[in-house]
Amino acid sequence: MKEFLKSLERTAGDLRRQARDLAADSRQDDADLTKIRANIYEICATVGGVVCKTQPESQWEAVYRSKLAALPQNWRAALEAARAHGDDRRAAVEELKLEALADVLARLDARKEA
């Protein structure tokens, strides 16, 4: 589990570097969206770190999955509200958050299958 969390931190770092490069290339909108993705990977890594520090090792994955399952509730509500108000930019941000979380969960599943 700890190696998995390190991989999320590496991904977040890579995304932060990409965001800096995009901003330097005057692509601020793309940089902002990339930073949002980085934030989600960082959140997932941080949540996992707390789980590892506070839970017995035998429960890490189950508790981690339950914590991750709680994250998208507000994002889905914000997405629906943005769509209802025609706020395409906000909707895109919320979709991006959900996609990044889905990637984290897919990586977690792939780790388990390997």
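Q: How many salt bridges does the structure hold?
A: This is a predicted model, in which local features need pLDDT of at least 70 and side-chain atom pairs count only at pLDDT 80 or more, whereas totals for chains, interfaces and linings use all residues. Residues are numbered from 1 along each chain as its sequence is written, and side-chain values use heavy atoms, with hydrogens and water left out. A salt bridge is counted where a side-chain nitrogen of Lys or Arg lies within 4 Å of a carboxyl oxygen of Asp or Glu, and the number that the structure holds is 13.

Q: Which residue forms a salt bridge with Glu-80?
A: Side chains of opposite charge can pair when their charged atoms come close. In the pair that Glu-80 forms, the closest N and O atoms are 3.4 Å apart, and both residues lie in helix 4 (residues 72-84), three residues apart, about one turn of the helix; helices here are DSSP runs of H or I with at least four residues, and strands are runs of E with at least two, numbered from the N terminus. The partner of Glu-80 is Arg-83.

Q: Which residue of helix 5 is linked to Arg-83 of helix 4?
A: Arg-83 also takes part in a salt bridge with an N to O distance of 2.7 Å, made with the side chain of Glu-95. This pair links distant parts of the chain, since the two residues are twelve apart and the partner lies in helix 5 (residues 88-113). The residue of helix 5 is therefore Glu-95, which counts as partly exposed because its relative accessibility is 30%, and the name asked for is Glu-95.

Q: Is Thr-34 buried or exposed?
A: Thr-34 lies in helix 2 (residues 28-54) and, leaving aside neighbours within four places in sequence, is in contact (heavy atoms within 4.5 Å) with Leu-15, Gln-18, Ala-19 and Leu-22. A residue is buried under 20% relative accessible area, exposed over 50% and partly exposed in between, using a 1.4 Å probe and protein chains only. Because its relative accessibility is 9%, Thr-34 counts as buried.

Q: At what angle do helix 2 and helix 3 pack?
A: Axes are lines fitted to C-alpha atoms, for helices over the stretch in contact, and the angles run from 0 to 180 degrees between N-to-C directions. The axes of helix 2 and helix 3 (residues 60-70) are 9 Å apart, and the angle between these helices is about 140°.

Q: How many nonpolar residues are there in the contact of helix 2 with helix 3?
A: The contact is made by Cys-44, Ala-45, Val-47, Gly-48, Val-51 and Cys-52 of helix 2, together with Trp-60, Val-63, Tyr-64, Lys-67 and Leu-68 of helix 3. Ala, Val, Leu, Ile, Met, Phe, Trp, Tyr, Cys and Pro count as nonpolar, Asp, Glu, Lys and Arg as charged, and the others, Gly among them, as polar. On that basis one residue of the contact is polar and one is charged, while the number of nonpolar residues is nine.

Q: What pattern does the chain follow along the sequence?
A: The chain has five helices and zero strands, and its C-alpha atoms fill a box of roughly 45 × 35 × 25 Å, taken along the principal axes. Buried residues make up 34% of its 114 residues. Read along the sequence, the pattern is α-α-α-α-α.
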